[in-house]
Every structure is written in C-alpha cells, then in structure tokens.
Amino acid sequence: MKIERVRSRAVAAPMKRPLPTSIATLNEAGLLLIDLQTDQGVVGRAYLFGLGKHNLPTIAKLVETMADMVQGDAVAPFDLEKKLRAKYALLGVHNMVLFAIAGIDMAAWDALGQALGQPLARLLGGIPRPVAAYNSNGLGIRSPKELEKEALELVEEGFRAVKLRLGRAHAKDDLDALRAVKRAIGPEITLMVDFNQALSVAEALERGRMIDEEGGVYWIEEPIRADDFAGNARLARELRTPIQIGENFMGPEQMAQALAAGVEMSSHLFPEASCHLLAVTPTCHWLEFVDWAAPVLQEPLIVRDGFVVAPERPGLGMAWNEEAVRRYLL
Ligand code: MN
C-alpha cells in the first residue's frame, strides 16, 4: 500500500465551554484534518490541534511539503518518520515541523490499521482496554462561583477526575479557585491543576507550598517553562504534590533528557489516538479527555464510569462528519 496524496483541511470546531488559561482563552478548537490517501483506496485520518487557528496555515504548508516528499512511499510509519526526520535534521525536528510529521505519522498508522482490519491498540500488540480519564473540558481561569458550577457539570458528564487551570496574577486568587472546586466536587473526585507554564521557579515554589498545605491536589502540571528541566526537577524535589510535565516534549529525545524510565505516563489531548497508545503503555496513568474534535467526528469517543475504551473499529477509528467539516471549514 502506497501513499498517493495527503490532503489537509483547517476547521474551527466550536467548544462547548470556552477555556481561559494563563496563556490565552480558547473559544474554538483550530484543527487541521489530515486525509492520507493510498493506492488501495484506504484513507488514513488524523488531526492536529493548532494551538490557535492562526497557526494552521503554516502547519498545513508543512504537511503539504512533507506529503510531496513521501508521495509513492509505502505506508510504513517507521520508515516515513525516519525519512521525514532526516529531511528536516538540519532545520531541527521541533515545534511545527514535528507537529506536521506527527500528523502524517498518525494518519499512516490509521491507514495501516484499516488495511489490516485492526484497531491501533491491537496492531501495537495490546487490546483496547478501559483507560482512566479525567475531564479536561473546562475549569479555566474563571471566578470561584463559575468554577463551582462547571466542576459539577464536568463530574456529571461521567468522570471521577477533573483538572483546574491556575496561574492567576495573585496566589490568593488561585487558592480561592482551588477551594471553590474542592468544595464542589468533594474528596472522592481526583483533582489535578495546570499552570500552563505561568510561573517562575521562585513563584512555583511559593504556590506549590501553598498547594501542599491546602492538600487534595493530585498533580501540579507545568508550573514553569516546559523546557526548564532543572527547575522542574527542583520543584519535584522540594514539593510534596507530584509535578506533571511532558505535553511540550519535542519528541522522545527531550523526554529522555527530562525523565527516568518507568515514570507514570498520562496523555495530552488527542484522546482518539491516546486511548490506543495508553492501552499499550506499561506505565499507563491518566487519559486527558477533551471533546474538541467531537463536532467533526462521526462517532465521538464514549466515556463510561470515568473510563475511555478505544473503539474496535480499525485504525484510530475516526471518520469525519463531512457536513460538519464543511460548516466549520476555514
Ligand atoms: Mn497542560
């Protein structure tokens, strides 16, 4: 099976709940939908989340350029990645280059799974099994009153864990937000917090100690710059609450620099692909659930009792809702 053509389309999928973080407010999810067409008629699909729709044209251009490089190549994800990494070795396989490679990689895995009639989790040697998921669809930088209401809604969607965004200008306001959410969900629901890199190391020590003292927080995510591994290591040593990083690792090399092997692994966004990958991750921890691609999918992921199971459909198990894609096309 060979690659005939790769097509990408940018959409702005509406979000059920706007998400104000310490960096920006998200009202819609800018997604680049990728269709990898093969000479066997199989179409591999993947999407990239552009962190703002203004980034999508640039990523789309990269995908288009890479598509030319792999046209006629076998749908062999390992070889495709190796080739594309080599082509971009001098520029550096980071950021948007890595995004674009990842998009082609995911679409190629999806095509392969479809051609073999296997869901990705089975293709990788595992079985689609339930993975514990936390609801990440909200709890942005909002008032305590709004947070209480939203926290309850997120739990009622069928989850046993939720994540709150922190990183307000004043530590006291973060504490008020944390207390409001804890009040709303009670002690039985797991609560993570995410600073989206808002703090300096000194501030993170101060707010981290505040959270340690308050208690009831499962992890503190990205308190400082994602690439400050020494700073993160210091925080992990000095704080009681675990530190969570990794969503900004630029590939496995940075992960190897930042972590020891055997560390618990949770996913970041892309729940449709992550539910397959976590099913074959020995240190599988939590799946971050967001429904941001749901508006353009024929069959969005299903959550049951706080767990997500990869669908038994072949590949990633994603098909576009073409009518919705037309509606949200950029
Ligand atoms: Mn995060």
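Which residues do ring pairs link into a cluster? In this predicted model, the cluster consists of Tyr-134, Tyr-218, Trp-219 and Trp-286, joined through ring pairs.

The chain contains 11 helices and 11 strands. Its C-alpha atoms fill a box of roughly 60 × 40 × 35 Å along the principal axes. A compact globule of 330 residues would have a radius of gyration near 20 Å, and the value of 20 Å found for the chain agrees with this expectation. Of the 330 residues, 51% are buried.

Strand β4, comprising residues 131-135, is mostly covered, with 5 of its 5 residues buried. In a regular strand, side chains alternate between the two faces of the sheet. Both faces of β4 are covered: Val-131, Ala-133 and Asn-135 are buried on one side, and Ala-132 and Tyr-134 are buried on the other. Two strands are paired with β4. Strand β11 (residues 307-308) runs antiparallel to β4 and is joined to it by 2 bridges, with Phe-307 of β11 standing opposite Ala-132. Strand β9 (residues 287-289), by contrast, pairs with β4 in the parallel sense over 3 bridges. In this pairing, Glu-288 of β9 is the residue opposite Tyr-134.

Strand β5 pairs in the parallel sense with strand β6 (residues 190-194) over 5 bridges, and Val-162 stands opposite Leu-191 of β6.

Tyr-134 belongs to strand β4, whereas Trp-219 lies in the loop between α7 (201-214) and β7 (220-221), so the pair ties together parts that are 85 residues apart in sequence. Tyr-134 counts as buried because its relative accessibility is 1%, under the 20% cut-off. Trp-219, at 2% relative accessibility, also counts as buried. The rings of Phe-159 and Phe-289 form another pair, with centres 5.3 Å apart; their planes are at 40 degrees, so this pair is tilted. Distant parts of the chain are again linked, since Phe-159 lies in the loop between α5 (144-156) and β5 (161-165) and Phe-289 in strand β9, 130 residues apart. Phe-159 counts as buried at 2% relative accessibility, and Phe-289 is likewise buried, with a relative accessible area of 8%.

The second largest pocket has a volume of about 190 Å³. The lining of this pocket is made up of Pro-130, Glu-299, Pro-300, Leu-301, Ile-302, Arg-304, Phe-307, Val-309, Pro-311 and Arg-313. By residue class, this lining divides into 7 nonpolar and 3 charged residues, with no polar ones. Most residues other than glycine have a negative phi. Leu-51 has a positive phi, near 50 degrees, and is located in the loop between β3 (43-49) and α1 (56-70). A positive phi is also found at Asn-95, where the angle is near 45 degrees. Asn-95 lies in helix α3, which spans residues 95-116. With a relative accessibility of 46%, Asn-95 counts as partly exposed, whereas Tyr-134 is buried at 1%.

Technical notes. Residues are numbered from 1 along each chain as its sequence is written. This is a predicted model: local features need pLDDT of at least 70, side-chain atom pairs count only at pLDDT 80 or more; totals for chains, interfaces and linings use all residues. Side-chain values use heavy atoms; hydrogens and water are left out. Helices (H or I, at least four residues) and strands (E, at least two) are DSSP runs, numbered from the N terminus. Buried means under 20% relative accessible area, exposed over 50%, partly exposed in between (1.4 Å probe, protein chains only). Two strands pair if DSSP finds at least two bridges between them. Rings of Phe, Tyr and Trp (its six-membered ring) pair if their centres lie within 6.5 Å; planes under 30 degrees apart count as stacked, over 60 as edge-to-face and the rest as tilted. On a 1 Å grid over the protein atoms alone, a cavity is a set of points where a 1.4 Å probe fits but cannot get out, and a pocket is an open set with protein on both sides within 12 Å along at least five of seven lines; lining residues have an atom within 4 Å of a point. Grid points are joined across faces, edges and corners, and a volume is the space filled by probe spheres set on the points. Ala, Val, Leu, Ile, Met, Phe, Trp, Tyr, Cys and Pro count as nonpolar, Asp, Glu, Lys and Arg as charged, and the others, Gly among them, as polar. The radius of gyration is taken over C-alpha atoms; the globule rule is 2.2 Å times the number of residues to the power 0.38.
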